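Here are some notes for a first reading of this structure. Please keep the 3D view open while going through the points.

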Amino acid sequence: MASDSGNAATLTAQPPSRSWLYRNRIKLAPWMFLAPGLIFFFIYVIAPIFQSIWISFYDWDGLGPKQWVGMANYVELMDDDRFFTSLINNIWWLVLYMLAVPAGLGIALFLNQTVTGIRLYKSLFFFPFVISQVVVGLIFTWFYNPDFGIVGIVWNFFGATPPAILADEDLVTFGIIFAGLWPQIAYCMILYLTGLNNVSPDQVEAGRLDNASGWKMLWFIILPQLKPATFIAIVVTVIGALRSFDLIAVMTGGGPYGSSNVLAYYMFETALSEYGFRYGYGSAIATVLFLIMLVYISFFLWRMYQDEKG
Amino acid sequence: MFPKPIEKSSAAVRTGYQLILPVALFLWLLPLLAIFLTSIRPAADINAGNIFGMPSDFLLVENYLAVFQQSKAGEYLWNSVRITIPTVIIAVALSCLTGYALSVYRFRWAVPLFFVFVAGNFVPFQILMVPVRDLSVSTGLYDTVTGLVLFHSAFQLGFCTLFMRNFIKALPFELIESARIDGVGEFKIFWYLVLPLVKPAIAALSVLIFTFIWNDFFWATVLIQGDHALPITAGVRALNGQFVSQWQLVSAASLLAAVPPVLMFFAMQKHFIAGLTLGATKG
């Protein structure tokens, strides 16, 4: 940073300092503009990443002295069933959350018409995304209630005993993911609707002349043009899946018996809850989550870099 | 189904489409509709098992009033406002500066620093949790609105910078160049030339950040303890415990929490969507 901004000594050494400033203003200006944001971002975002990784090598309750334990926290993770349950659930989240992308595309194609009131329809379809996940979580918790929720009503209608989705170890994660899909589909839908706006009518026409229709039209003519939208939809869905916290916190708190846990929630639980304040262990979990996310971040940055060059 | 315009289809298809639309919307928003109906229902309905049917009595005003009278929902809502508005202002203002610096000047660090902001924006919250909480405790900012605002502003800078930088980059550079040749100072160029041009971006960014921050739950949980600073999202969860089985009040409170972002979305829809999809259409 310092190499670019020069040093203050030259400023005072030359009496007509304005000329030095003037000559270097193009060099100095970006740093002036950047300084407040960069410092702020560094303190609250960049430095904490490294601090967290550092803390993961310690045993620390957040108050007393830190004790260096090296890789012990990571070794302990290897034997932690709850950690593996969380990790597997994270994979389920990643895989099933991806359904939001084709579902969003489907709804976008369905709504991509010009009829009266379609704009209102589009915005109402987008609604779930605008609502807090806490609210979404509460709504679905209530829906899943076997006594009076809609699940209960549907099952009873068919004369079956309704399952207690959120209390069932095998179903709970899928129940939560399903709730999460609702806003995520809305998000993907809006990305695709915007993308569809930019689809070239010429190509569609050309495709039609070549007898492309239905799936062929979608696959060969429309989807290639929707590539940027698809890319962003996948990126935000992956990030959304790995960030899943609110729904789990509201709907189950990771239960029953940790069966709906994910890394993001398990980390919180070990570091900051009634189970104790294990900052070091929590940071180790966070580091694992960060490394998984890093794969996607790198991929995204690499793509952006290609664009910047080209 | 495809960009095949519906006008070119037969009348039957068109009518069918018009009929399916409301049905699809109804199914899609069923969860919300149900929770709204519950929020205006008398408690007796719920006890009697009338959960999804028509309410026997419409208690719109009474139930919503009860939420304010029987809980601290009013205070929580006010806290959300106190957290969200300053965050939007700080994050957007700072990102105008950073975005300008990273798009207009050609210097070696422009792309790497830009990527740092972009990467920071995608980081999982949990990796920041322990150090940020620790920092807040040691600076006395833990459990304060200020502490939460400062963190949110800093974190949102990642996304905001990405956004502003791409927007400013798309402006005609010749404008800035010619102003420079005329001897206009760098800050004046930013203030009088660029800022007026990025107003639409500022609007788009503001409503997006408003929604993000209003809906935040994680950081409120980590950095706030007391009712004096708890935002409505975390408050609704607390109310869920307080109003045990008073589902009409829980649903009313939940919907109250959703009102501001929804209003914001409807008022600024165009900007909101433009903001969300910037980068989706290009890049």
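1. Start at the boundary between the two chains. Across the interface of chain A and chain B there are 12 residue pairs in polar contact, with both residues of each pair at pLDDT 80 or more. The number of salt bridges between chain A and chain B is 0. Bear in mind that this is a predicted model.

2. Next, the extent of the interface. Chain A contributes 104 residues to the contact, and chain B contributes 104 residues. Between them, chain A and chain B bury about 9600 Å², and 78% of this area is on carbon and sulfur atoms. On the side of chain A, the residues that lose the most area to chain B are A:Phe33, A:Tyr44 and A:Trp142; together they make up 9% of what that side buries. Which helix of chain A gives the most to the side that touches chain B? It is helix 3 (residues 17-55), with 22 residues.

3. Now the aromatic rings. Over all chains, a search of the whole structure finds 58 aromatic pairs. A:Phe300 and B:Phe122 form an edge-to-face pair, with 4.9 Å from centre to centre and 85 degrees between the planes. The pair counts as edge-to-face because its angle is over 60 degrees. A:Phe300 belongs to helix 16 (residues 279-309) of chain A and B:Phe122 to helix 6 (residues 110-122) of chain B, so this pair joins two chains.

4. The cut-off for buried is under 20%.

5. One aromatic cluster has members from chain A and chain B. From chain A, the members are A:Phe40, A:Tyr44, A:Phe245, A:Tyr265 and A:Phe268. From chain B, they are B:Phe125, B:Phe151, B:Phe155, B:Phe217, B:Phe218 and B:Trp219. A:Tyr44 was also named in point 2, among the residues of chain A that lose the most area to chain B.

6. Two arginines lie over ring faces. In chain A, A:Arg303 lies over the face of A:Phe231, at 3.9 Å from the ring centre. In chain B, B:Arg106 lies over the face of B:Phe173, at 4.8 Å from the ring centre.

7. A:Gln184 is found in helix 10 (residues 172-197) of chain A. Its relative accessibility is 6%, so A:Gln184 counts as buried. Leaving aside residues up to four places away in sequence, A:Gln184 touches A:Tyr97, A:Ala100, A:Val236 and A:Thr237.

Note on methods:
Residues numbered from 1 in each chain as written. Chains lettered and ligands numbered in written order. Predicted model: local features only at pLDDT ≥ 70, side-chain atom pairs only at ≥ 80, totals over all residues. Heavy atoms only, no water. Phe/Tyr/Trp six-rings, centres within 6.5 Å; stacked < 30°, edge-to-face > 60°. Helix = DSSP H or I, 4+ residues; strand = E, 2+ residues; numbered from the N terminus. Lys NZ or Arg CZ within 6 Å of the ring centre and 35° of its normal. Contact = heavy atoms within 4.5 Å. Buried area = accessible area lost by both parts, 1.4 Å probe. Salt bridge = Lys/Arg side-chain N within 4 Å of Asp/Glu carboxyl O. Polar contact = N/O pair within 3.5 Å; in protein donor to acceptor, adjacent residues only side chain to side chain. Buried < 20%, exposed > 50% of the residue type's maximum accessible area, 1.4 Å probe, protein only.
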